[in-house]
Amino acid sequence: MYLNLKILKKMSMLLIEDDEELQDNLYQTLSIFFKKVILAKNGIEAIEKLKSYKIDMIISDYVMPIMDGEKFCRYLRENNYNIPVTIISNYYEKEKLIKLIDLELTNYLLKPVSYDELIDCLKNMLKRIDKLS
């Protein structure tokens, strides 16, 4: 199945990352594809952004201060947000991954995220949106 990434130009991405350098790098790349990239530094900020913007996709760091990626994803699912979510992390820990299974994530990526991994991730997120509609 061929997915045209041009459709992303009509969509918004919520990027949740507390590392400013990584957030800036991902923002620069995602801005090429998306109509709007909204930034947050933790799950609490991200929840506020969800209330203010129409969000089509989310990429979230796992380990963050105040509210981490897992707690943020639990909030999403408990509040019936069916938005595709990808978690990014510095760590590949089986215990963390097992805790995420029921959250129906689209992807789990290890940092640093390569351009090709990001493109594959976006395609998977588009497939998920297609299945939900």
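Visitor: What should I know about the model before I start?
Guide: The model is predicted, so local features need pLDDT of at least 70 and side-chain atom pairs count only at pLDDT 80 or more, while totals for chains, interfaces and linings use all residues. Residues are numbered from 1 along each chain as its sequence is written, and side-chain values use heavy atoms, with hydrogens and water left out.

Visitor: How do I read a salt bridge?
Guide: Side chains of opposite charge can pair when their charged atoms come close. The rule here asks for a side-chain nitrogen of Lys or Arg within 4 Å of a carboxyl oxygen of Asp or Glu.

Visitor: How many salt bridges does that rule give?
Guide: The count is seven. Start with Lys 111 and Glu 17, whose closest N and O atoms are 3.1 Å apart. Lys 111 lies in the loop between strand S5 (107-110) and H5, and Glu 17 in the loop between S1 and H1, so this pair ties together parts that are 94 residues apart in sequence. Helices (H or I, at least four residues) and strands (E, at least two) are DSSP runs, numbered from the N terminus.

Visitor: With which other residue does Lys 111 form a salt bridge?
Guide: With Asp 61, and the closest N and O atoms are 3.1 Å apart. Asp 61 is in strand S3 (residues 57-61) and Lys 111 in the loop between S5 and H5, so parts 50 residues apart in sequence are tied together.

Visitor: Is Lys 111 buried or exposed?
Guide: Buried means under 20% relative accessible area, exposed over 50%, and partly exposed in between (1.4 Å probe, protein chains only). Lys 111 has 17%, so it is buried. Asp 61 is buried at 3%. Glu 17 is buried too.

Visitor: Which salt bridge lies within a helix?
Guide: Arg 74 with Glu 70, at 3.2 Å from N to O. Both are in helix H3 (residues 69-78), and because they are four residues apart, about one helical turn separates them. Arg 74 is partly exposed at 23%. Glu 70 is buried at 11%. As for shared partners, salt bridges join Glu 17, Asp 61 and Lys 111 into one network.

Visitor: How do I read aromatic pairs?
Guide: Rings of Phe, Tyr and Trp (its six-membered ring) pair if their centres lie within 6.5 Å; planes under 30 degrees apart count as stacked, over 60 as edge-to-face and the rest as tilted. A search of the whole structure finds two such pairs. One of them is Phe 33 with Tyr 115, tilted, at 6.4 Å centre to centre and 35° between the planes. Phe 33 is in helix H1 and Tyr 115 in helix H5 (residues 115-132), so the pair links parts that are 82 residues apart in sequence. Phe 33 is buried at 11%. Tyr 115 is partly exposed at 49%.

Visitor: Which residues gather in a patch of negative charge?
Guide: Asp 18, Asp 19, Glu 21 and Asp 24, on the surface. Patch residues have over 30% relative accessible area and no salt bridge; like charges are joined within 9 Å, nonpolar side chains (Val, Leu, Ile, Met, Phe, Trp, Tyr) within 5 Å. Asp 19 sits in the loop between strand S1 (12-16) and helix H1 (20-33). Its relative accessible area is 38%, so Asp 19 is partly exposed.

Visitor: How do I read the backbone angles?
Guide: Most residues other than glycine have a negative phi, and most peptide bonds are trans. Here, a cis peptide bond joins Lys 111 and Pro 112, with omega about -5°. Pro 112 is in the loop between S5 and H5.

Visitor: Where does Asn 80 lie?
Guide: In the loop between H3 and strand S4 (85-89). Asn 80 has a positive phi of about 60° although it is not a glycine. Asn 80 is exposed at 68%. Glu 104 also has a positive phi, about 50°. Glu 104 lies in the loop between helix H4 (94-100) and S5, and is partly exposed at 49%.

Conventions: Areas by Shrake-Rupley, 256 points an atom, 1.4 Å probe, with all protein chains shown as cover. Lys, Arg positive; Asp, Glu negative; His and termini not counted. Charge placed at Lys NZ, Arg CZ, Asp CG, Glu CD.
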